[in-house]
Protein chains: 2
Amino acid sequence: MPPRTKRRTSIADVAKLAEVSVGTVSNVLNRPDRVSPATRERVESAIAELSFVRNGSARQLRAGTITTAGAIVLDIANPFFTDVARGIEDRLDEAGYTLMLASSDEDPEREARYLRLFEEHGVQGVMVVPSGPEIEHLLTLRERGLRIVLLDRPSPDPSVSSVAVDDRAGAAAAARHLLDLGHEHLAFLNGPHTIRQCADRSAGLRDALSEAGLDVDEALEEITITALNADGGQAGTEQILAMDARPTATMCVNDLTALGALRTLRAAEVPVPSGMAVVGYDDVTFAGELATPLTSVRQPMHRLGHRAADLLLAESEAPEQVVFQPELVVRESTTGTG
Amino acid sequence: MPPRTKRRTSIADVAKLAEVSVGTVSNVLNRPDRVSPATRERVESAIAELSFVRNGSARQLRAGTITTAGAIVLDIANPFFTDVARGIEDRLDEAGYTLMLASSDEDPEREARYLRLFEEHGVQGVMVVPSGPEIEHLLTLRERGLRIVLLDRPSPDPSVSSVAVDDRAGAAAAARHLLDLGHEHLAFLNGPHTIRQCADRSAGLRDALSEAGLDVDEALEEITITALNADGGQAGTEQILAMDARPTATMCVNDLTALGALRTLRAAEVPVPSGMAVVGYDDVTFAGELATPLTSVRQPMHRLGHRAADLLLAESEAPEQVVFQPELVVRESTTGTG
DNA sequence: CGCGCGCGATGAATCGTTTCAACGTTACCA
DNA sequence: TGGTAACGTTGAAACGATTCATCGCGCGCG
């Protein structure tokens, strides 16, 4: 990329044209009330004539302050993070801030690189979905004055702010819904427990089963799938269908997985929900639009992002751990007549 | 938000600790080959010890160059733009650039505000999906040295680069597919022609019909829907079902609309495709996962973004108008046995 | 008439980096 | 041995804004 050739017009050019000092131009820009209406107008028309735009780097360098925040999510193409990002953007927008956004693809090195870039650019703070369990690197960032907010992850360190959704409660609510409908033998298509969300959702499910007085080992068939998408759902469902004592309901770690499950059940001519009830997680846009509308656990993604930005912008330095409660959305995949 | 209090450690601190001049530290940072291994190592360990991070504002101020680009899309929560953004990010990442991202919500004022913010931050250029037909404001930006790339919109001005998808060809391909299958009476659930994509897709459809020697007025029922989503699709489809001479195929302006159409057909017990073939547009992730997998026109969204970033980063100042060809993905909603 | 006050405007210092002309060493060759 | 080329390092200027001590001026008051 070639360097920008044209020199940007500076505050000095404006000052010369308006026949005032640079300090006065700066005052017009930042404290218009301190300058007399006559000169102010002269300066303003000079600004307009030169179509002057102030140089944010110089401004930031001297004033130290900046109106940019960074966010690092796992993958912006994932609808969950998309909605979170939109929530962040909306809140920052209210405050006149701009957002620098990046996807880490769960690669800690990529995450670190973006963090450094953001820090160099002088962001006020970063909202980050950590790629790994470690958050040491974030603590050192904070020591250098950046504000840190953990996204979609309760903070292991009470001094760091975080916003998350209670996955354990969400999974428990879904399980209770199935128990209420009379299901006593559940399958759970889940990812590996190294992923926090997967571990938490498993725990929530087990909570609900024990609460109901069931023997968890008997009542729950947890099947670990590697791909948390439709193909993973299909593979897992095929396993379930091959079982001798087939569960009567399947819970899925997310809606894409549920999509694969529904597809497989349809192919096997197992009616939903009478032959097998299905529950998803996330409540993505199309969940309600499927052939069999999907019961799912809705996460307040937009609010998650909004609140994260809120914490970042907060006057107070006091850390805060926000946990949202998810909401079960009941549809025909559990209560229908199919 | 309270100001950052701690003074960041500067290149001078590093220089003092390493007992060299600031110029040398700068050389270690930017042209390590020009400094002797001994001093380089001394400087590097001083950097590590102080955990020094260079101040991007000062760097940018002096060097004039910066590795940030901006992008403004209509709505980052829309899967189409999400994938485009991801393509942009991936390309920028290769070049070590960071992305500032914003959604304009089709509000020209919001767009203008973000453009100004980006310019103040000194971005090298912006990729923008214009909110309105006017691009005057972008031309003035370019005069001030920013690079401009239009997204998802062929440029009306040959001096401005752009990347777009050929909507007319995409719609024509879909129509030809339906004609090949023997359909001679089509419905088109489309948005208002003030939206460029809608107008282009309508034109493409008409192209294909005329080519096939059909009387367009007879063969095409274009129904204007206001909401380009599932509800709009439902309302439109109900209109179609109420027609005396019912078309045998329905083309939809996007996949969400098609989703609504499928839902309505199912409720009316019209088999797809034997009673009514359905085609969508965009080929979003779930299009292939529906009860009746949806034939759709795939847009190369990721490549769109990737290429846009490419143009922005290009050495050459020569403007380029890139038009991608969409690809028809045939599935059971047109060729199935249902 | 003189003094002090307050309002506006001034301009130099400052932020932290990059860049570059200049300088001191060392090495090499005539 | 003297001259020069190459190399590594230095130190100060420059980027463009903000900030603040200072100054000039007009006005009111004693």
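**Note on the predicted two-chain model: interface, salt bridges and local geometry**

1. Between chain B and chain A there are 11 salt bridges, a salt bridge being a side-chain nitrogen of Lys or Arg within 4 Å of a carboxyl oxygen of Asp or Glu. Across the interface of these two chains, 22 residue pairs are in polar contact, both residues being at pLDDT 80 or more. A polar contact is a pair of N or O atoms within 3.5 Å; within protein, one must be able to donate a hydrogen and the other to accept it, and residues adjacent in sequence count only if both atoms are side-chain atoms.

2. On the basis of the values: this is a predicted model, in which local features need pLDDT of at least 70 and side-chain atom pairs count only at pLDDT 80 or more, whereas totals for chains, interfaces and linings use all residues. Residues are numbered from 1 along each chain as its sequence is written, chains are lettered from A and ligands numbered from 1 in the order in which they are written, and side-chain values use heavy atoms, with hydrogens and water left out.

3. The extent of the interface is as follows. Chain B and chain A bury about 5800 Å² between them, of which 51% is on carbon and sulfur atoms; buried area is the accessible area (1.4 Å probe) that two parts lose on being put together, summed over both. Chain B contributes 65 residues to the contact and chain A contributes 65 residues, where contact means heavy atoms within 4.5 Å.

4. One of the salt bridges joins Arg110(B) to Asp90(A), with the closest N and O atoms 4.0 Å apart. Several elements of chain B each supply at least two residues of the side that touches chain A, among them H4 (56-63), H6 (108-120) and H13 (301-313). The largest share of that side, seven residues, comes from H6(B). Helices (H or I, at least four residues) and strands (E, at least two) are DSSP runs, numbered from the N terminus.

5. The search of the whole structure finds 45 salt bridges over all chains. Arg110(B) lies in helix H6 of chain B and Asp90(A) in helix H5 (residues 79-94) of chain A, so this pair joins two chains. Both Arg110(B) and Asp90(A) are buried, and the relative accessible area of Asp90(A) is 19%. Buried means under 20% relative accessible area, exposed over 50%, and partly exposed in between (1.4 Å probe, protein chains only). Leaving aside residues up to four places away in sequence, Asp90(A) touches His302(A) and Arg110(B).

6. A network of salt bridges also links Asp75(A), Asp105(A), Arg110(A), Arg113(A), Arg86(B), Glu89(B), Asp90(B) and Asp93(B).

7. Within chain A, Arg176(A) and Glu211(A) form a salt bridge (3.3 Å, N to O). This pair links distant parts of the chain, with Arg176(A) in helix H8 (residues 167-180) and Glu211(A) in helix H9 (residues 196-211), 35 residues apart. Arg176(A) is partly exposed, at a relative accessible area of 35%, whereas Glu211(A) is exposed, at 57%. A second salt bridge connects Arg196(A) and Asp200(A) (2.7 Å, N to O); both residues lie in helix H9 of chain A, four residues apart, about one turn of the helix. Asp200(A) is partly exposed, with a relative accessible area of 25%.

8. Strand E1 (residues 68-73) of chain B is mostly covered, six of its six residues being buried. Thr68(B), Gly70(B) and Ile72(B) point one way, and Ala69(B), Ala71(B) and Val73(B) the other way. E1(B) pairs with strand E2 (residues 98-103) of chain B in the parallel sense over six bridges, two strands being paired if DSSP finds at least two bridges between them. Met100(B) is the bridge partner of Gly70(B) in E2(B). E1(B) also runs parallel to strand E3 (residues 125-128) of chain B, joined by three bridges, and Ile72(B) stands opposite Val128(B) there.

9. The peptide bond from Val272(A) to Pro273(A) is cis, with omega near 5°, and that joining Val272(B) and Pro273(B) is cis, with omega about 10°. Pro273(B) lies in the loop between H12 and strand E9 (277-282) of chain B. Positive phi values in residues other than glycine include Glu106(A), near 60°, and Asp283(B), near 55°. Asp283(B) occupies the loop between E9 and strand E10 (295-298) of chain B and is buried, with a relative accessible area of 10%.
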